[in-house]
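Take a look at the fold below. The walk goes from the surface to the core, then to the aromatic rings and back out to a patch.

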Amino acid sequence: RSTVIYLPGVVIEGPISTSFQKNMIDTRESYINTSIVNGLRVITYNILADPYATTDMYPYCDEKYLITEYRCQLIYKELINYKADIICLQECDFKSYEIYFKP
């Protein structure tokens, strides 16, 4: 059902864990491990548009984590793990869609 696509570049270790990560991971695992019979799984995800991925907007974030290639590879892996039937992306420009998210 899903196609695995390997994107160019190397994904390096992400930023240190945050206080909300445990809850996010617990929630994600419950969705991933849930079997839906006669259902439809829809997810929505804001990928953060490039014009907003700046240290001016996110001064607390190391610049290397705002790089599009880095972010989009991690987002793609997360989206695939949700096993959704429909994926809605916010702040996704045409270039990012074509390079990282187009089926």
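Accessible areas here come from the Shrake-Rupley method with a 1.4 Å probe, and for residues only the protein chains shown count as cover. By that method the protein chain has an accessible surface of about 7,700 Å². Carbon and sulfur atoms hold 57% of this surface.

The model is predicted: local features need pLDDT of at least 70, side-chain atom pairs count only at pLDDT 80 or more, and totals for chains, interfaces and linings use all residues. Residues are numbered from 1 along each chain as its sequence is written, and side-chain values use heavy atoms, with hydrogens and water left out.

Start with the layout. The protein chain has 3 helices and 2 strands. These are DSSP runs numbered from the N terminus: helices are H or I with at least four residues, strands E with at least two. From the N terminus the order is α-β-α-β-α. A contact means heavy atoms within 4.5 Å. Among contacts with a separation of 6 or more, 77% join residues 24 or more positions apart.

Now go inside. Buried means under 20% relative accessible area, exposed over 50%, and partly exposed in between (1.4 Å probe, protein chains only). Of the 103 residues, 24% count as buried. A nonpolar core is a set of buried Ala, Val, Leu, Ile, Met, Phe, Trp, Tyr and Cys residues joined through side-chain atoms within 4.5 Å. The largest one has 11 residues, including Ile 43, Cys 72, Leu 79, Ala 84 and Tyr 100. Strand S1 (42–46), helix H2 (68–81) and helix H3 (94–101) each supply at least two residues of this core. H2 gives the largest share, 4 residues. Ile 75, another core member, touches Tyr 45, Ile 47 and Phe 101, leaving aside residues up to four places away in sequence.

Which rings pair up? Rings of Phe, Tyr and Trp (its six-membered ring) pair if their centres lie within 6.5 Å; planes under 30 degrees apart count as stacked, over 60 as edge-to-face and the rest as tilted. That rule gives 3 aromatic pairs. In one of them, Tyr 65 and Tyr 70 have ring centres 5.4 Å apart and planes at 50 degrees, so the pair is tilted. Tyr 65 is buried at 16% relative accessibility. Tyr 70 is buried too, at 8%.

Finally, the outside. Leu 40, Val 42 and Ile 86 form a nonpolar surface patch with about 270 Å² of accessible area together. Such a patch takes residues with over 30% relative accessible area and no salt bridge; like charges are joined within 9 Å, nonpolar side chains (Val, Leu, Ile, Met, Phe, Trp, Tyr) within 5 Å. A salt bridge is a side-chain nitrogen of Lys or Arg within 4 Å of a carboxyl oxygen of Asp or Glu. Val 42 sits in strand S1 and is partly exposed at 46% relative accessibility.
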